[in-house]
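Subject: Handover of a structure and the findings from it

Dear colleague,

Please find below the structure that I am handing over to you. My notes on it follow directly after.

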Amino acid sequence: MAFNVNQFRATLVNDGARPSLFEVVMSLPPILGAAPLTNDIIFRVKATSLPGDGISQIVVPYFGREVKIAGTRTFPDWSFTIINDENFKVRRAFESWMNGINSHGGNTRTGTAASPAGYSTDAVVNQYSKSGDIVKSYKFVGAFPVDLSPIDLDWGSNDSIEEFSVTLAYQWWETDSTT
C-alpha cells in the first residue's frame, strides 16, 4: 500500500488519545482512619501509566526443543508521580499508611491492618477524551504501597516543585474488556 496520509488520519479516531488527559482516583484504606484524600490525589498525581498485561509461560523440554505452555496471569506493580506541597499532606498519608502495614521501629502491624481489608484499597485511573468524557478506566483491586521514593533536594532547583513517586502492589486490574 502506498503512503497515504489521509488514510492514516482516518484511522485515528478523534485525532488519537492524549496521554495528558487522565486522573487517578483513590481513597485511603481504613488503616489510616482519616478523611479520604481523594481530591488531593486527583489533583496531585501528575504522571502514571495504564497497566500492562502478562501471562507467564511454562517451558517444558521435549527432545531438545522447548514447548511453551500458557501459565498464569501476572500483575506488575503500578506507580505514579505526585506533586508535593508544603504541608506534605499526601506524602504524610502514604508514610502513615506504610507505617501501619509495618512500623519502622517495632516491625509490627497496627490492629486495623490485620487483614487486607484494613490496609488495601481500590484505585482507578481514568483516561479522558479531548471532549472531557471518560473513554477508558482501569480499576486496581486491593492496592497497597510497597515503595515511596525519596524527594531530591538541590540548592540549584529554584524554579521547580518537589515530586515523589509511589509504587503500589495490587491483586489484579479490571476494565471493560476483562471479566
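Are Tyr119 and Phe144 buried or exposed? Tyr119 is buried, and Phe144 is buried as well; a residue counts as buried at under 20% relative accessible area, as exposed at over 50%, and as partly exposed in between (1.4 Å probe, protein chains only).

Before the remaining findings, a word on their basis. This is a predicted model, in which local features need pLDDT of at least 70 and side-chain atom pairs count only at pLDDT 80 or more, while totals for chains, interfaces and linings use all residues. Residues are numbered from 1 along each chain as its sequence is written, and side-chain values use heavy atoms, with hydrogens and water left out.

Aromatic pairs

The rings of Tyr119 and Phe144 form an edge-to-face pair, because their centres are 5.5 Å apart and their planes stand at 85°. Rings of Phe, Tyr and Trp (its six-membered ring) pair if their centres lie within 6.5 Å; planes under 30 degrees apart are called stacked, over 60 edge-to-face, and the rest tilted. This pair links distant parts of the chain, since Tyr119 belongs to helix H4 (residues 116-119) and Phe144 to strand E7, 25 residues apart. Helices (H or I, at least four residues) and strands (E, at least two) are DSSP runs, numbered from the N terminus.

Tyr138 and Trp173 also make an edge-to-face pair, with 5.3 Å from centre to centre and 75° between the planes. Here Tyr138 in strand E7 is linked to Trp173 in strand E9 (residues 172-174), 35 residues apart. Both Tyr138 and Trp173 are buried. The count of aromatic pairs comes to 9.

The nonpolar core

The largest nonpolar core has 30 residues, of which Trp78, Phe80, Phe94 and Trp97 touch the most other members. Such a core is a set of buried Ala, Val, Leu, Ile, Met, Phe, Trp, Tyr and Cys residues joined through side-chain atoms within 4.5 Å. Two or more residues each come from strand E1 (22-26), strand E5 (78-83), helix H3 (89-101), strand E6 (121-128), strand E7 (134-148) and strand E8 (163-169). In soluble globular proteins, nonpolar side chains tend to be buried together.

Phe75, Trp78, Phe80, Phe94, Trp97, Phe140 and Tyr170 form one aromatic cluster. Leaving out residues up to four places away in sequence, Trp78 has contacts (heavy atoms within 4.5 Å) that include Val24, Ala123, Phe140, Thr167 and Tyr170.

Two buried threonines

Thr167 is found in strand E8 and counts as buried, at 13% relative accessibility. Its side chain makes a polar contact of 2.8 Å with the side chain of Ser79. A polar contact is a pair of N or O atoms within 3.5 Å; within protein, one must be able to donate a hydrogen and the other to accept it, and residues adjacent in sequence count only if both atoms are side-chain atoms. Among the residues that Thr167 touches beyond four places in sequence are Trp78, Phe144 and Val146.

Thr175 lies in the segment after E9 and is likewise buried, at 12% relative accessibility. The side chains of Thr175 and Lys136 are joined by a polar contact of 3.3 Å, and the side chain of Thr175 reaches the backbone oxygen of Ser137 at 2.7 Å.

Salt bridges

How many salt bridges does a search of the whole structure find? The search finds 6, a salt bridge being a side-chain nitrogen of Lys or Arg within 4 Å of a carboxyl oxygen of Asp or Glu.

One of them joins the side chains of Asp85 and Arg44 at 2.6 Å, N to O. Asp85 sits in the loop between E5 and H3 and Arg44 in helix H2 (residues 38-44), 41 residues apart. Asp85 is partly exposed, with a relative accessible area of 23%, whereas Arg44 is buried, with 17%.

Another joins the side chains of Lys46 and Glu163 at 2.8 Å, N to O. This bridge links strand E2 (residues 45-47), which holds Lys46, to strand E8, which holds Glu163, 117 residues apart. Lys46 is partly exposed at 41% relative accessible area, and Glu163 is partly exposed at 33%.
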